[in-house]
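Please keep the sequence and the 3D view open while reading.

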Amino acid sequence: MKVLFLRFSSLGDVLLTMPAAKALKQKMPGVTVDLATKLEYKGLFVPPSPFDKVIYLDDKGILPFIKKINEQNYDIIFDLHRSIRTNIIMPFLNTALRKRYKKGALSRRLFARTGIRVSSFPTVLERYTGIFDVKGLPDTPWLPISGKDMQTGRYILRDAGAGMDRVIGMAAGAKWNTKKWGIIRYKELAERLEQRGYHVVFIFGKGDEKDREELLSVSPHSKLIDTSDYLLREVAYALSVMDAFVSGDTGLMHLAEAAGTPLVAMFGPTVREFGFFPSSPKSIVLERSIPCRPCSLHGSDRCRYVHHKCMKDISVEDVESAVLKLIVQASPKYTAEAARFVK
């Protein structure tokens, strides 16, 4: 049987197709699972990956893209996006069966605007796997990462000026301002962890240019990795050898989870019910229970209530304690050192 997943964006959603593919293959040994997505994610799906083949939507347009899909003679096509684009494309795809996942957009919007719950709010990954009736989710890492890949990751960290072990990564940027914790807080956290003998590396992605410049203006000697300098898969290799990673609700957070990295994630305007909390047991989510959460589905440029307490009330001490707790859990050799600082 040949199956195609259709998902164009964004990075986090595309990453979550990988454990869905692994779950389907575990349920149906021998099934071929392919992915159709945008060309910008080509650096993520270099072999090996959970997909047998990836078909990319490039600048040649929709019609050649449809033709490439139809040449494969898929038995089932799963629309894991349900966007205007996929709604237009799906009727033109030759297949015995088409299925669309339950996006839950209306119930999430209603919850964000009124606080009224009209759904059980399964996670995005649970919605994906629910289409083909799979129970239970694959453990991380979702990306196949070999010993050679991990060594590549250590070289990337070395080139960034960090050591090849005792490294903690941070993603200080975000697409929406209300998802940002604040450069000054990240700087203070980095200084605290460096005083404990860790190397801290900041990772910036597409659209994070202003955050990168702000960090360098207050901490000019910070160690940096820019995702534009590497394939996304290579960034995942660097993440895989880190002791921990700190981020808001961003695509890099999902990349760290896919790489199996212990993860501290801060959630402010968005909440668990929207389906994007990390599912790995090697993750800690920090959030504050305040009446105005959630305030939007994806974040916004400014806090509608001005105070931005959902992120500001997460202290540097709270994040530091969570990072050290993860290090204790992941590596007993650090227990004596780190346990003293865990609340």
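## The largest pocket

In this predicted model, the largest pocket is lined by 49 residues, of which S10, L11, G12, K175 and G251 lie nearest its centre. A pocket here is an open set of points on a 1 Å grid over the protein atoms alone, where a 1.4 Å probe fits, with protein on both sides within 12 Å along at least five of seven lines, and lining residues have an atom within 4 Å of a point. Two or more lining residues come from each of α1 (11-15), α5 (105-114), α6 (124-130), α9 and α11, and α9 gives the most, with 5 residues.

The volume of this pocket is about 1,600 Å³, taken as the space filled by probe spheres set on the points, which are joined across faces, edges and corners. By class, its lining has 20 charged, 15 polar and 14 nonpolar residues, where Asp, Glu, Lys and Arg count as charged, Ala, Val, Leu, Ile, Met, Phe, Trp, Tyr, Cys and Pro as nonpolar, and the others, Gly among them, as polar.

## Helix α8

Helix α8 spans residues 183-195 and reaches 18 Å from its first C-alpha to its last, close to the 18 Å expected at 1.5 Å a residue for its 13 residues; the expected span is 1.5 Å times one less than the number of residues. Within α8, I183, Y186, L189, A190 and L193 are buried (under 20% relative accessible area, with exposed meaning over 50%, for a 1.4 Å probe and protein chains only). Seen down the axis of α8, these buried residues fall within an arc of 125 degrees, so they line one face of the helix; the arc is that of the directions from the axis to the C-beta atoms.

The buried residues of α8 pack against elements including β6 (167-171), β7 (199-204) and α13 (316-330), with contact meaning heavy atoms within 4.5 Å. The face turned away from the buried side carries the exposed residues I184 and Q195.

## Two loop threonines

T261, in the loop between α11 (251-258) and β10, counts as buried at 2% relative accessibility. T261 and S240 are 21 residues apart in sequence, yet 5.4 Å apart in space, C-alpha to C-alpha.

T227, in the loop between β8 (223-226) and α10 (232-240), is buried with a relative accessible area of 13%. Leaving aside neighbours within four places in sequence, T227 is in contact with residues including I203, F204 and L252.

## Basis of the values

Residues are numbered from 1 along each chain as its sequence is written, and side-chain values use heavy atoms, with hydrogens and water left out. Local features need pLDDT of at least 70 and side-chain atom pairs count only at pLDDT 80 or more, whereas totals for chains, interfaces and linings use all residues. Helices (H or I, at least four residues) and strands (E, at least two) are DSSP runs, numbered from the N terminus.
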